[in-house]
Amino acid sequence: MEPSELERFEAVVLPHLSAAYGLARHLTRDDADAEDVVQESLLRAMKYFGGFRGTGATEGRAWVLAIVRNMSHTWRSRHGSKRTTTIQFDETVHSEAAGGEHPGAMLEREATRTALEQAIDALSPDLREVIVLREVEGLSYKEIGDVVGVPVGTVMSRLSRARGRLQRALTEADQGRRQ
Amino acid sequence: MSHPHVEMQIDLSLDGELAEDETALLEAHLAECAACRRFREARLALRSAIVTAMPRLEVPDRLRARVRADLRTSGRRMPVWRQAALAATLVLVASASALGGWRVGTAHMASTVLADEVLASHVRSLMPGHLSDVTSTDQHTVKPWFDGRLDFSPPVTDFSGRGYPLLGGRLDYVGGRPVAALVYGRRKHVINVFVWPAEKAKSLSAPTTRQGYRVLHWQTPEYSYWVASDLGLSELTDFVRLLQLGDSAAAAPNP
């Protein structure tokens, strides 16, 4: 890349490295896979950056996330899902939750969290990706449509289906505890 | 009772995707409807639960470092075709007089940069859909096509009879100016001829033959010519002679 292109790349694409990693992590469900996917995606992004005319960081987000998204799906189909356990113990989140909270409340939150994690894991990739892009990365419907390559109407209906399933899982977990 | 349409609107509103007037209508409905209010509460609880279950991840430092390293390499690394071109052990620098003789000389920087650009354009033109803007073997179709697209009218001659058929032409951008690119074929090979008005300032003299691709350059009083192809040198020289003859034939009526 020419120096001016390198500069544009740094301004337009690099700010979204965490978003790229987050998406890859949630789609591959494996730390090491996610890192490889992101590195491959970014190499691809460098290669095709000349064809992308955007100059703003906002435009760059959907562009690079689309590459990461496609690479994640390619990766999954090529390598299969290696992971068998659910989400690993996350020290920061767990220690935060422990901060002076009533042990009962903590357990309850943990139970809800686990139930929801399982429900998210159980979502098909189609549904999981829209949830990640909307709820975690905060993309607009239009941006999600650009990343996934579907019309906004499809984004809305997928979000609605995904939320319906997660909502049911959450409700069931709450009811289970009350019994 | 539940209101599926309103539930969709509640999602839109929480996502910040509902228009202002519709939001007002939604609020009015929520004030009246306990079921929809409960739905919204449940959605708010779901949202916060999702964010807890899927915290926003930060990119690990080692991954950031890996990407940075790739980026540095890409800043240094030239495209593959340029590596190939520069890896050439044989860099034949020749210059053709208007009479078609070849002279070996030394390259100087400005024309090396131009040769790079010509080579880049040639390689780019070989990608699907990039070869020609006007596809015609008829010089009387190709030549007028450039009218109004360029501030000069390039000489266009078809050499089908000599085994170098004209395939078409396109606008290209070389050396900081729009130029005419004429596309010729020779069996499966493509020859790109870049033509623009001769610069008076200096007479370029650094055509290069590079591994894989050959880039040849000469200048007539009127035009600057660059030719790029993977064709063998003897055939390309042959072709260049035809072009030079064509050019002088075209120039002949104007003394």
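Q: Where is A:Arg61 placed, and why is A:Arg61 called buried or exposed?
A: In this predicted model, A:Arg61 belongs to helix 4 of chain A, residues 57–79. Its relative accessibility is 19%, and buried means under 20%. A:Arg61 therefore counts as buried.

Q: Which residues does A:Arg61 touch, not counting residues up to four places away in sequence?
A: With those positions set aside, A:Arg61 touches A:His16, A:Glu137, A:Gly138, A:Leu139 and A:Glu143. The criterion for such a contact is heavy atoms within 4.5 Å.

Q: What makes A:Arg69 buried or exposed, and in which helix does A:Arg69 lie?
A: A:Arg69 lies in helix 4 of chain A. Its relative accessible area is 13%, to be set against the limit of under 20% for a buried residue. A:Arg69 is therefore buried.

Q: With which residues is A:Arg69 in contact, leaving aside its neighbours within four places in sequence?
A: The partners of A:Arg69 are A:Leu23, A:Leu27, A:Glu129, A:Val147 and A:Val148, once those neighbours are left aside. A:Leu23 and A:Leu27 are listed among the buried residues of helix 2 of chain A.

Q: What makes helix 2 of chain A mostly covered?
A: Twelve of the twelve residues of helix 2 of chain A are buried. Among them are A:Tyr21, A:Gly22, A:Arg25, A:His26 and A:Thr28.

Q: How does the span of helix 2 of chain A stand against the expected value?
A: Helix 2 of chain A has twelve residues, and its first and last C-alpha atoms are 16 Å apart. This is close to the 16 Å expected at 1.5 Å a residue. Just after helix 2 of chain A comes A:Arg29, with a positive phi of about 60 degrees.

Q: Why is helix 2 of chain A called oblique to helix 3 of chain A?
A: The axes of helix 2 of chain A and helix 3 of chain A (residues 31–48) cross at roughly 130 degrees, coming within 8 Å. Roughly perpendicular covers 65 to 115 degrees, and roughly antiparallel requires over 145. An angle of roughly 130 degrees therefore makes helix 2 of chain A oblique to helix 3 of chain A. The crossing of these two helices is right-handed.

Q: Which residues make the contact of helix 2 of chain A with helix 3 of chain A?
A: Helix 2 of chain A contributes A:Leu17, A:Ala20, A:Tyr21, A:Ala24, A:Arg25 and A:Thr28. From helix 3 of chain A come A:Asp31, A:Asp33, A:Ala34, A:Glu35, A:Val37, A:Val38 and A:Leu42. The residues of this contact divide into eight nonpolar, one polar and four charged.

Q: How do you know whether A:Glu117 is buried or exposed?
A: A:Glu117 is found in helix 6 of chain A, residues 103–122. With 8% relative accessibility set against the limit of under 20%, A:Glu117 counts as buried. Its C-alpha atom is 9.6 Å from that of A:Ala169, 52 residues apart along the chain.

Q: What is the secondary structure of chain A, and how many helices and strands are there in chain B?
A: Chain A comes to nine helices and zero strands, whereas chain B has eight helices and nine strands. Buried residues make up 50% of the 179 residues in chain A and 43% of the 255 residues in chain B.

How values were computed: Residues numbered from 1 in each chain as written. Chains lettered and ligands numbered in written order. Predicted model: local features only at pLDDT ≥ 70, side-chain atom pairs only at ≥ 80, totals over all residues. Heavy atoms only, no water. Helix = DSSP H or I, 4+ residues; strand = E, 2+ residues; numbered from the N terminus. Buried < 20%, exposed > 50% of the residue type's maximum accessible area, 1.4 Å probe, protein only. Expected span 1.5 Å × (residues − 1). Axes fitted to C-alpha atoms, helices over the stretch in contact; angles between N-to-C directions. Parallel < 35°, antiparallel > 145°, perpendicular 65-115°, else oblique. Left-handed = near helix turned anticlockwise from the far one by under 90°. Nonpolar A, V, L, I, M, F, W, Y, C, P; charged D, E, K, R; others polar.
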